Amino acid sequence: MKYAFPDNFWWGSASSALQTEGAREGETTWDYWFAREPNRFHNGVGPQQTSTFYQHWKTDIQLLKQLNHNSFRTSISWARLIPDGIGEVNPEAVDFYNQVIDELNEQGITPFITLFHFDMPMAMQEIGGWENRDVVDAYARYAQICFELFGDRVLHWFTFNEPIVPVEGGYLYDFHYPNVVDFRRAATAAYHTVLAHAKAVQAYRAGHYAGEIGIVLNLTPSYPRSQNPADVKAAHVADLMFNRSFLDPVLRGEYPADLVALLKSYDQLPACKPEDGFLIAEGKIDLLGVNYYQPRRVKCRDSAVNPQAPFMPEWFFDSYEMPGRKMNPYRGWEIYEPGIYDILVNLRDNYGNPRCFISENGMGVENEQRFIENGQINDQYRIEFISEHLAWLHKGISEGCNCLGYHMWTFIDNWSWCNAYKNRYGFIQLDLKTQQRTIKKSGEWFAATALNNSFDKE
């Protein structure tokens, strides 16, 4: 069967500043954490050892062109542009980002730019990070500077990438710095992130720029084990906490009433100011980026909560391992292609069918060298992963979902937080020692798909 996509469909990939650029003048939370606890990072590989985009941006953009990208998402590093978060702008960073943006445009590759992709400047974290409203104001200033510097050539802006992740990692589950386990502080960080987002949107609107502004959310559909009311309620709470806590404010301009009521009943609400509601209502977006990797399957708890344990989302549900599920064994994630369709249908039916695109989807595999044939990684498993997801995406579009594109994570194998280079995601293989880039089989497949705006599948 032939799967053809709409005209002007965005074909591309996504990356981030911290994971690709390499050393920068301003210290981030990742630099600070790695210097103190390198044992927390796979093979002791930290954020200095990246795919050297800072040096190789020009040839890397040529590779993007070779893969027939018509669009590419990356981020600006707040710590590179404004090393202390609030002070002087670094002119070398301005030059670098100007060159990248101009080269992308020159090569016919539309730049999609994210303002914050997990890389909090350490100077900002030292005064409380997202727990401190002063950091919200500092971020809004940083966003405005970016719009002024680059807004004439960047027409697609995103305030945050996966804003729930620093909240989960930094304040609930101990996989990002500052390694706090405290729901109330997590809720405060999440709430202030929404305020920061809204302030950036406000600044963008005030500047009357030619483009559009949005946010990138990792949406994990919550599937109940069964239709038993207790399981359905468990899935609903998981959806409120992990999806709708950001989805509703940015698309509806307000929080779900049942999420607010739930947190209030456990005294976990962040401190709010009267004018916050107006600000959040102003933060409605033009374009939603959807990152989709895996579903969340839940069931009702079958044991009582320890009242002495910290308040956690898991007070309301347990994870459910569905028999027969398909797994990516290297990442420990379920592969469930219809999830991408379910997300689009939910957006269509419950959120007014917003303009959206798949901003990330990907498959990390360990030790890909074992699949080398004639000097090239034959990652047929990645081709199957992408084509299966694209088939469900195609179904959503054919049923009226307003999805405008598909970006893969990622372009070149890059550094991935605490996992470093354990799992490889790229269309292009990176040799860490020599920094040599070699296109994988999936890169060739994607280049042909993008060129033809279609692919064939049995």
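1. Burial. In this predicted model, 59% of the 458 residues of the protein count as buried. The accessible surface comes to about 18100 Å², and carbon and sulfur atoms hold 49% of that area.

2. Overall fold and dimensions. The chain forms 15 helices and 21 strands. Its radius of gyration is 21 Å, close to the 23 Å that the globule rule gives for 458 residues, so the protein is as compact as a globular protein of that length.

3. Contacts along the chain. Among contacts with a separation of 6 or more, 77% join residues 24 or more positions apart.

4. Main core. In soluble globular proteins, nonpolar side chains tend to be buried together. Here the largest nonpolar core has 139 residues. The members that touch the most other members are Trp 78, Trp 130, Tyr 139, Trp 157, Leu 288 and Tyr 406. Helix α9, residues 183–207, gives the most to this core, with 14 residues.

5. Second core. A separate core of six residues also exists, and its members include Trp 10, Phe 158, Val 216 and Leu 287.

6. Surroundings of Trp 78. Leaving aside residues up to four places away in sequence, Trp 78 touches Pro 83, Gly 85, Phe 116, Asp 119, Met 120, Pro 121, Met 124, Trp 130, Val 135, Ala 138, Tyr 139 and Tyr 142. Two of these, Trp 130 and Tyr 139, are also listed among the core members that touch the most others.

7. Charge. The protein carries 41 positive and 57 negative side chains. The centres of the two sets lie 4 Å apart.

Methods: Residues numbered from 1 in each chain as written. Predicted model: local features only at pLDDT ≥ 70, side-chain atom pairs only at ≥ 80, totals over all residues. Heavy atoms only, no water. Core = buried A, V, L, I, M, F, W, Y, C linked by side-chain atoms within 4.5 Å. Buried < 20%, exposed > 50% of the residue type's maximum accessible area, 1.4 Å probe, protein only. Helix = DSSP H or I, 4+ residues; strand = E, 2+ residues; numbered from the N terminus. Contact = heavy atoms within 4.5 Å. Rg over C-alpha atoms; globule rule 2.2 N^0.38 Å. Areas by Shrake-Rupley, 256 points an atom, 1.4 Å probe, with all protein chains shown as cover. Lys, Arg positive; Asp, Glu negative; His and termini not counted. Charge placed at Lys NZ, Arg CZ, Asp CG, Glu CD.
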